[in-house]
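Hi,

Here is the structure I promised to pass on. Have a look at it first, and my notes on what I found are below.

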Amino acid sequence: GRTEVWKPLMLMVGAGGGLFTESGVGPFLPSLSFGAAGSCTETRPYNQGARLTAFECTAEGMPTTLVLDSAVAYLMQGTSGPTNADDAGPPHAVIVGADRVCRNGDTANKIGTYQVAVAAAHHNIPFFVACPTTTLDLTLADGGGINIEQRPAAEITHHPQSGVRVVVDSPHLSVWNPGFDVTPAALITGGIITERGVICPSAPGQPGHAAGHQYYDIAAWLSAHPS
């Protein structure tokens, strides 16, 4: 008979698809949406969040607000927010997808993930990664070994449908358009959600924690949680 009180969640697009359908933890994540409200980012310039995550959240019946990528920190601040009463207030958790998770927990995901993690840390909001165990890459010790794809400049300079240039054309203007960024493990404060369970960050005093670079021991966790 106890009534559960669900608090707002902020979701970001997962790797190459959505958090619910392609993360490998589909049976778990929809349960988060029951009775909850949330927000998702656009994930510019390709707009995976606006096209995929927004679709998935609303399909699950979750009241969802689409948020400008550049408005995430302001939303977390809590001084202003969506007018929908179901979405009122800052998020109480952030869940993102992943393209690759290194042995120490450093995580590569769509561009913009890192800045969301920084904002979440500043506002003391738990930050989670959701991915299948096939995304956990034991061959990479940390995020320094991840090659970041540079996307075509036209994704930023031209309209995606018409192909018309929409920014100034000047020999003095260059474009930097990385497709991904790497979020340090230290900023993944909540844990890494997989189909086998949640990988929790190491506690202070455990090996590697004081050094500031080993917040997860992915290899040990996988060994303790075989498929």
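**The pockets, and then the rest**

The lining of the second largest pocket sorts into 6 nonpolar, 4 polar and 2 charged residues. For those classes, Ala, Val, Leu, Ile, Met, Phe, Trp, Tyr, Cys and Pro count as nonpolar, Asp, Glu, Lys and Arg as charged, and the others, Gly among them, as polar. A quick caution before going on: this is a predicted model, so local features need pLDDT of at least 70 and side-chain atom pairs count only at pLDDT 80 or more, while totals for chains, interfaces and linings use all residues. Residues are numbered from 1 along each chain as its sequence is written, and side-chain values use heavy atoms, with hydrogens and water left out.

Back to that second largest pocket: it holds about 230 Å³ of space. Its lining includes Pro-45, Tyr-46, Asn-47, His-158 and His-159. Helix H6 gives the largest share of the lining, 3 residues, and H6 covers 154–157. (Helices are DSSP runs of H or I with at least four residues, strands are runs of E with at least two, and both are numbered from the N terminus.)

The largest pocket has a volume of about 270 Å³. Of the 15 residues lining it, Arg-44, Pro-45, Asp-69, Ile-111 and Gly-112 are the closest to its centre. By class, this lining has 7 nonpolar, 5 polar and 3 charged residues. Points are joined across faces, edges and corners, and the volume is the space filled by probe spheres set on them.

Most residues other than glycine have a negative phi, and most peptide bonds are trans. Against that background, the bond joining Arg-44 and Pro-45 is cis, with omega about 5 degrees. Pro-45 sits in the loop between S2 and H3. Asn-47 is in the loop between strand S2 (38–41) and helix H3 (48–59), and its phi is positive, near 60 degrees. Asn-47 counts as partly exposed because its relative accessibility is 27%; the cut-offs are under 20% for buried, over 50% for exposed and in between for partly exposed (1.4 Å probe, protein chains only). From Asn-47 to Asp-69 it is 22 residues in sequence and 10.0 Å in space, C-alpha to C-alpha.

Asn-124 also has a positive phi, about 55 degrees, without being a glycine. You'll find Asn-124 in the loop between H5 and S7, and it counts as exposed because its relative accessibility is 68%.

**Inside the chain**

The chain has 7 helices and 10 strands, and 43% of its 227 residues are buried. Of the contacts (heavy atoms within 4.5 Å) between residues at least 6 apart in sequence, 75% join residues at least 24 apart.

Which residues touch the most other members of the largest nonpolar core? They are Phe-127, Val-129 and Ile-192, in a core of 25 residues. H4 (72–77), S4 (93–96), H5 (113–122), S7 (127–130) and H7 (218–224) are the elements that each give two or more residues to this core, with H5 giving the largest share, 4 residues. Such a core is a set of buried Ala, Val, Leu, Ile, Met, Phe, Trp, Tyr and Cys residues joined through side-chain atoms within 4.5 Å. Beyond its neighbours within four places in sequence, Ile-192 has contacts that include Val-101, Val-129, Cys-131, Ile-199 and Tyr-216.

Asn-109 lies in strand S6 (residues 107–110) and counts as buried because its relative accessibility is 1%. Asn-109 and Phe-180 are 71 residues apart in sequence but 5.4 Å apart in space, C-alpha to C-alpha. Asp-137, in the loop between S7 and H6, counts as buried because its relative accessibility is 16%.

Cheers

Notes. 1 Å grid on protein atoms, 1.4 Å probe; cavity = no way out; pocket = protein on both sides within 12 Å on 5 of 7 lines; lining within 4 Å.
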